[in-house]
Amino acid sequence: MSIEAVKWAMDDAPMLRTPAGKADTTARHVLQALAEHASKTGTNTHPSEIRLQYRTGYDRRTVQRALRRLEDAKLIIPDGTVQDRNRYRLAMNIVRDPSDWDALEREEQDSRAAATERQRRARARRVTHSNDVTVTDSPSVTEPDVTHSESARRALQMRDVTHFKSGRHALSAAVTTNEPPVEPPATQMAGVGGSTYGPRGLAPSAPIDDDGFALTDALRRWARRDGYDSLVDIDHETAQFLDHYRATGERRANWPAAWQKWIRQAHKWATERRQRPNGNVIQLPSGQTLTGTDARVAGWLALPSEEAP
């Protein structure tokens with residue numbers, strides 16, 4: 001293999017073009033395979049067609065057509081045969097025009113400039129310039145038919161929504177004339193309270209407090225409708241729910257849905273506890289229920305004492 005011949009085939013030989021004006025990469029690849037078998041002057045290259053197929057990955061007809069195009073362009077010159085194989089001489093005296101490199105550089109610069117212009121236009125579409133903003137004088141905002149905020153109570157009845165287990169009142173919420181849905185709203189901020197602080201002012205930066213989760217009437221109706229409040233203390237489980245997410249600092253996309261899942265799980269556990277054998281549960285005449293160790297001790301005390309013989 002000759003380094004000079006390979007360098008000429010890769011860099012210095014003119015690039016053939018297809019009828020569509022594209023680079024003839026197939027012929028270029030075959031030319032490089034021929035150069036690998038040539039002397040440093042480009043002579044005595046005679047690889048078989050099957051060797052060219054093996055090197056390039058092209059089929060026989062593709063290799064033959066590429067050789068014909070190279071011959072027509074005078075880049076390879078037939079120079080007899082060797083063992084029934086065609087021998088060629090590379091026309092290393094023919095070199096490509098230096099302007100090819102300049103053309104590629106200009107194309108690269110144009111491509112970068114076009115990309116920069118596309119990015120600029122995209123930013124311009126996303127950003128509203130200050131000159132395009134219409135400033136409205138505050139006295140002209142209110143029209144005769146517009147209800148001022150002070151008189152808004154004429155349009156809506158207002159009520160205070162109390163944050164769960166807190167003495168604070170949340171933002172006033174409008175009472176609609178339609179019956180609220182049984183299922184709580186599925187939006188991310190459904191049932192939101194007002195204060196961003198938890199009970200007793202703890203963990204003001206917890207996500208559940210920042211998002212303003214509150215136990216609403218709609219959530220209570222949902223728990224009552226599906227019978228979850230029969231075995232679950234809703235207020236206690238809600239306090240556990242709040243404390244858990246304040247401790248972990250986790251955020252949920254839909255806090256009411258997360259609360260519903262918590263209540264379902266609590267109800268499931270309560271149901272499973274009721275279905276367990278009651279060997280460690282004793283009901284006293286007073287109505288008090290003893291479990292665990294207390295139940296076992298009470299059972300021992302209830303055993304009849306054995307009289308000595």
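The following chat goes through selected features of a predicted model.

Colleague: What should I know about the model before we start?
Modeller: It is a predicted model, in which local features need pLDDT of at least 70, side-chain atom pairs count only at pLDDT 80 or more, and totals for chains, interfaces and linings use all residues. Residues are numbered from 1 along each chain as its sequence is written, and side-chain values use heavy atoms, with hydrogens and water left out.

Colleague: How many helices and strands are in the protein chain?
Modeller: There are ten helices and six strands; these are DSSP runs numbered from the N terminus, with helices being H or I of at least four residues and strands E of at least two.

Colleague: Which residues of α2 are buried?
Modeller: In α2, residues 25-35, the buried ones are Ala27, Arg28, Val30, Leu31, Ala33, Leu34 and Ala35. Buried means under 20% relative accessible area, exposed over 50%, and partly exposed in between, with a 1.4 Å probe and protein chains only.

Colleague: And what covers them?
Modeller: The cover includes α1 (3-12), α3 (49-56), α4 (60-72), β1 (76-82) and β2 (85-90).

Colleague: At what angle do α2 and α3 cross?
Modeller: Their axes cross at roughly 115° and come within 10 Å. Axes are lines fitted to C-alpha atoms, for helices over the stretch in contact, and angles run from 0 to 180 degrees between N-to-C directions.

Colleague: Which residues make that contact?
Modeller: His29, Val30, Ala33 and Leu34 of α2 meet Leu52, Arg55 and Thr56 of α3, where contact means heavy atoms within 4.5 Å.

Colleague: Turning to the strands, in which sense do β1 and β2 pair?
Modeller: They pair in the antiparallel sense over five bridges; pairing requires that DSSP finds at least two bridges between two strands. Val82 stands opposite Arg85 in β2. The hairpin has two residues between the strands, and Gln83 takes a positive phi near 50° there.

Colleague: Where does Asn44 lie?
Modeller: Asn44 is in the loop between α2 and α3. Although not a glycine, Asn44 has a positive phi of about 60°. Most residues other than glycine have a negative phi.

Colleague: Why does Asn44 count as partly exposed?
Modeller: Asn44 counts as partly exposed because its relative accessibility is 38%.

Colleague: And Lys74, buried or exposed?
Modeller: Lys74 is exposed, with a relative accessible area of 56%. Lys74 is placed in the loop between α4 and β1, and its phi is positive, near 65°.
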